[in-house]
Amino acid sequence: MTADPTLATIWAFLIAFAVFAYVVMDGFDLGIGILFPTLRGEERDRAMNSIAPLWDGNETWLVLGGGGLFAAFPLAYAVLMPALYPLIIAMLLGLVFRGVAFEFRWRDPGHRRWWDVAFTAGSLVAALAQGIALGAILQGVKIAGRAYAGGWLDWLSPFSLLTGVSLVAGYALLGACWLIWRTEGEGQAHARRLAGRFGVITLAAIGLVSLATLTLDADYVSRWFAYPDIVFTAAVPLLVAVLAFAFWRALVRKSDVLPFLLALGLFLLSFAGLGISLYPDIVPPGLTILDAAAPAVSQRFMLVGAGVLIPVILAYTGWAYWVFRGKVGAEGYH
Amino acid sequence: MFAAFDPIVLARIQFAFTVSFHFFFPAFSIGLASYLFVLEALWLRTGRQEFLDLFRFWVKIFAVVFAMGVVSGIVLSYQFGTNWSVFSDRTGPVLGPLMAYEVLTAFFLEAGFLGVMLFGTEKVGRGLHFAATGMVALGTFISAFWILAANSWMHTPVGYVINAQGQFVPAGDWLAIIFNPSFPYRLVHTVIAAYLTTAFAVGGAAAWHLLRDRDNARARIMFSMAMWMAALITPVQILAGDAHGINTLAHQPQKVMAMEGHFESHPHGAPLILFGIPNQAEKRVDYAVSIPKASSLILKHDSNAPLAGLDTIPDDQEPPVAIVFWSFRIMVGIGMLMLALGLWSLVARWRGKLYEWRLLHRFALLMGPAGFVAVLAGWVTTESGRQPYTVYGLLRTTDSASPLAAPAVGTSLVAFVIVYFFVFGFGTWYILRLIAKGVQVGESDPPQGEPVRTAGVVPGPAQPQRKDPA
């Protein structure tokens, strides 16, 4: 009947994993949408070609993140969704436009310009909404009993706007690095310039958001600076600095795949930092993973399936990425 | 501007709108995925160009249908939380795992192999490509399995206890929850409905082209296959529907009362009301045309069996009778027309006039969209018939909603309506235009003047004559 602390922790990690998988995978393809206006002619076709067979699988991680939260932490889901209501709706509508643009853009050449706009606007709105939602969660959600108790615009604040813009920049960085990896020639050089620009912005954003987060709640400060935890938490900013340096070198040395991997590393560190700030809360302030957890009988039933299926999913997803490996062309048969 | 509205009414409209729109796409893609699998199998077996052309043609439509299904489905997966958060909190421990399994076993499978199916032609061999098509088809079916298990549980909830927080908690036997009393009936009825929807859509497309050119070889194949489905599967569906109705009578009697328009109890055999106007306020069906005792005969297989009416339940537990009554009649009426077309096609086949009988083709063309209408009507019947509950008899719809103000729900409703009509309206227009253009001879040749997809590979099935990308 009741929740189990070990299961709840395992599920918190699994959902964090799903969310992270979503953030990096849909991150780079949303990033391509965000960068779309800066791409010209065939660069657009190439960029679209590089993600057309993969975006659908990438986006499925969002469904697992949301569905998993509903299943494993129904109370957190029930509180967060109304709290983030306009953001979720905006994100969904953005994803609708972006998702159909993949097909319609090719199928309806007469209006291609408009579908390109839909692709960019959809990607931008979805990314911005996700980033603002992140900030809204960090700054805390008002709860009474088992329900959200705030207004429908409580999420709006300078801090949440900062996290929104930061995530857009981060996704653009991932998108640019993906293009460095998957394209060649002038398009690749262009992607490299974009990666440099968004690399600077992303690093600045990581710093700003980190500092601003500490001003939100005393709990966040103590989770980072309490001894002896600080020995581990201090590693996070240090590693960010190391990766940032390596990223720079990789760009300068015109490496193909390293910038993407290092950008992923920056996301992983930021994500870990987020975990350090929040844990053991799932909805700050004060709603912990255990409070929100579904009964053990539910979490156990799902864990059996997840334990078997997630590795299988990763295997065939990896295979699909492997099938579509290599540089993309814009040209077809000759 | 929405301040005067009840937010729960707006949330219900929003859910009904988004779920109805979404439902068209899976109903089509379940059948279409299997159809593509069969076409590719026939091509691999016979090597006939026509099958490959047909595959190439329908896979383009499938891609559009699938994309629209995915994006409208993501909306639904979040709508439980946005508009129905109390419902989410209460039912999460039971329904959440079922839906999580849907994601893990079906959505990833479909999405993972879809890319290979659409763009992997020259990246993988014929066998692997065929396997990918099979995985996509299997995924659509597994998805139907889980979502109908979850939906059926809301109609016939079993295997739970209610904890101190008011949540439904599984009592331990998950098989009892998954295979809840109405699930097998609902699964069979819905999957067959999806197959028929596709069959009639394909048949309608074929009829359109036969009317213009009765010698069109590809249209002939499509028409013949679709008419076999119509003739053989429609009767099966009618039997499945009958069994589902009897199951509903056992578990959700007031839904059947509303379907039948039985405001009063009939101790000595209930009449079958063919037409009439349900008057819920006055508790009677105006202008009813009915067959004595036929309702008892259908539902209990005994013309004198007593049937209880809505007079036996409190007013505040009645479903909206007129909606259920009429949507049910639309569904059944279309089912009868489907049966008629199927039988007619058998007669035409028998006389060797399947491809010549113009009137038959006109009728088939008219019936092209019939499956969509029937599926939607059936869905409205079963879901409206469950009201006023979200979890039948246990959790009221009015107690399931999020603590949201009407302006928030109303604004999002308007946004959904505008975006859906625009985006999916365009998709439908595109599909119709493609169907009107028809399957071209040599559909499987590299398209000219079309953009190129991944790594110089055009979307399409295995093209054995070209092993290397140019």
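The structure is a predicted model, in which local features need pLDDT of at least 70 and side-chain atom pairs count only at pLDDT 80 or more, while totals for chains, interfaces and linings use all residues. Residues are numbered from 1 along each chain as its sequence is written, chains are lettered from A and ligands numbered from 1 in the order in which they are written, and side-chain values use heavy atoms, with hydrogens and water left out.

Chain A contains 14 helices and four strands, where helices (H or I, at least four residues) and strands (E, at least two) are DSSP runs numbered from the N terminus. The radius of gyration of chain A is 20 Å, close to the 20 Å that the globule rule gives for 334 residues, so chain A is as compact as a globular protein of that length. This radius is taken over C-alpha atoms, and the globule rule is 2.2 Å times the number of residues to the power 0.38. The C-alpha trace of chain A spans about 65 × 40 × 40 Å along its principal axes.

Of the 334 residues of chain A, 60% are buried (under 20% relative accessible area, with a 1.4 Å probe and protein chains only). Contacts are defined by heavy atoms within 4.5 Å; among those in chain A between residues at least 6 apart in sequence, 80% join residues at least 24 apart.

Chain B has 13 helices and six strands. The radius of gyration of chain B is 24 Å, close to the 23 Å given by the globule rule for 470 residues, so chain B is as compact as a globular protein of that length. Along the principal axes, the C-alpha atoms of chain B fill a box of roughly 70 × 55 × 50 Å. Buried residues account for 61% of the 470 residues in chain B. The accessible surface of chain B is about 17600 Å², with 67% belonging to carbon and sulfur atoms.

Within chain B, strands S3 (residues 272-279) and S4 (residues 284-291) pair in the antiparallel sense over six bridges; two strands pair if DSSP finds at least two bridges between them. B:Leu272 has B:Ile291 of S4(B) as its bridge partner. The hairpin of S3(B) and S4(B) has four residues between the strands, and B:Lys283 takes a positive phi near 60° there.

Definitions and conventions. Buried < 20%, exposed > 50% of the residue type's maximum accessible area, 1.4 Å probe, protein only. Areas by Shrake-Rupley, 256 points an atom, 1.4 Å probe, with all protein chains shown as cover.
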